[in-house]
Amino acid sequence: MFVLAAGSGSSLFFPKVYDLIWSSVVLIVLLIVFAKFVMPKFNKVMDERAKKIKGQIDEATAMKKDAANLKEQYDELLGSAKAEAEKIRQDAKAQAEQIVARAESQAKAEAEKIRQDAKAALEAQKAKALSDLSEEVGNLAASMASKILGTELKDPSSRSSMADSAIERIGSEGGSQS
Amino acid sequence: MPELLLASGPDFPSVSELLPSAPLFHGTVFAINSIILIRLVATALILLIMCVAAARAKVVPGRFQSAVEWVIDFLRSSIVYEFLGEEQGERYTSLIVTLFVSIFLFNFCENIPGANVAADTTIAMPLILAIWSLINYWAAGIRTKGLWKFLKDELLPKGVPWPIYILLVPINLLEIIIIRPFSLTIRLFINMVAGYLLVGLCFAATQWFFVSAGWDLKWVGVISLLGGFVMTCFEMMVDAIQAYIFSVLTAAYIMLSIPDNSEVGAGDPAKVSKLQAKIKSKKAQRNLSKVKG
């Protein structure tokens, strides 16, 4: 049966009319169904998918952008809040320093005043004590002198001059002794 | 004599089996022989598969849809966009997909038990397919350039001294009218015939060695069976390759007919790299879509 008859071999290359017709019918049907239904449907689905993915990517990009904006705003707010806090802190510090300085100066002034008052009072008392003493010494000297002299120095001016000279003497003696 | 032959030798396939009689509608132009019947059944199956896939196509694809989409994507990016660019190529996607899917599944019938012969193992089917290819590249040329300009570009290539035209015009005319479709037809047809004979030879020999040969020769049947197995695998590859070649050549012929992209094949490096970058980005985009999907 392995016969390559010349007739059948070459007739292989001559298409039959019915074969041509069926081949054409088959091809036309395939072409039409593919062009009108299969490919448009697949293209539609694939485009839809691409669109959906693109939409999702766009959405993600927009969200990212929003987030970046929010962060920027937040950073800005945080920055200004920090600056404000710093300012408040500085103000408070300055104020505190001011208060302390004022209190200090006030205290100083008061202390000075107290010191001055005390000094004045002391001076006054000292002066009073001195005058009291000189009077007392004068009187004592006068009475002593009168007792010694037996005479009463009636004249107050002589009395005081006597007292003065007596004091001076006592003073110079005290000074030479010391 | 035939009985003697049958008894003595294997029932090898012959090309006469590829010229079957047409019992259905015998004698009319709608006669159907066994190969045409296989072709009609194959067509029905292709339509069923593709229509079911298309009808059930969803944005989030299943496995089957992904497989079909992978084929469409592959043809679109590696044939249509590669040769015709995205703008001009889009309108030919359907043509290329139809050609590839149909030819591949027609070819594949030769590996299906019961059919055992490719649905395009008569010259008529490859011829009609080739004629459709011819119509398309002529139409593409006429649509984009006009008939006169198309013929001028095809028959009178630039940069050739005029006396050569005396030789070139008939050769080129023959090329675009006869040689291109003829080569498409013969390449596909002969591959299918050869496949049929090769696989048939292996299995017929196996049958003969196992059943009719003496015990001393039965082991040869193992070799021929193995050969049949290998040849079947080989033919599956050939089926795909032939479908691919037919589609690629159709796209290439269309590319040669239309104006802008005709230089791409001729090797304008800037344009080629631009096209490749375009295809790459498209691929990346589609890959991304696959990953997301």
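So, contacts in chain B: among those between residues at least 6 apart in sequence, 68% join residues at least 24 apart. A contact here means that the C-beta atoms of two residues, placed from the backbone, lie within 7 Å. Keep in mind that this is a predicted model, where local features need pLDDT of at least 70, side-chain atom pairs count only at pLDDT 80 or more, and totals for chains, interfaces and linings use all residues. Residues are numbered from 1 along each chain as its sequence is written, while chains are lettered from A and ligands numbered from 1 in the order in which they are written.

Okay, what is chain B built from?

How much of each chain is buried? For chain B it's 35% of the 293 residues, and for chain A it's 9% of the 178 residues. Buried means 20 or more other C-beta atoms within 10 Å of the residue's own, exposed means 12 or fewer, and partly exposed is in between, with C-beta atoms placed from the backbone.

Now the core. The largest nonpolar core has 72 residues, and among those with the most contacts inside it are Val80(B), Ile96(B) and Ala251(B). Such a core is a set of buried Ala, Val, Leu, Ile, Met, Phe, Trp, Tyr and Cys residues joined through C-beta atoms within 7 Å. Helix 2 (17-149) of chain A supplies at least two residues of this core, and so do several helices of chain B, including helix 4 (93-108) and helix 8 (218-257). Helix 7 of chain B gives the largest share, 11 residues. If you click on Val80(B), you'll find it touching Ile96(B) and Ala251(B), among others, leaving out residues up to four places away in sequence. In general, nonpolar side chains tend to be buried together in soluble globular proteins.

Let's stay with helix 4 of chain B. Of its 16 residues, 15 are buried, so this helix is largely enclosed by the rest of the structure. Its length works out too: at 1.5 Å a residue it should span 22 Å, and its end C-alpha atoms are 22 Å apart, which agrees. That expected span is 1.5 Å times one less than the number of residues.

What sits in the loop between helix 4 and helix 5 of chain B? One residue there is Asn116(B). Its phi is near 60°, a positive value in a residue other than glycine. Asn116(B) is partly exposed, because it has 17 other C-beta atoms within 10 Å.

Next, a helix pair. Helix 5 and helix 6 (residues 147-155) of chain B pack at an angle of about 115°, with axes 7 Å apart. The axes are lines fitted to C-alpha atoms, for helices over the stretch in contact, and angles run from 0 to 180 degrees between N-to-C directions. Gly141(B), Ile142(B) and Lys145(B) of helix 5 meet Leu147(B), Lys149(B), Phe150(B) and Asp153(B) of helix 6.

Last stop, where the chains meet. The contact takes 43 residues from chain B and 40 residues from chain A. On the chain B side, helix 2 gives the most, with nine residues.

Note on methods:
Helices (H or I, at least four residues) and strands (E, at least two) are DSSP runs, numbered from the N terminus.
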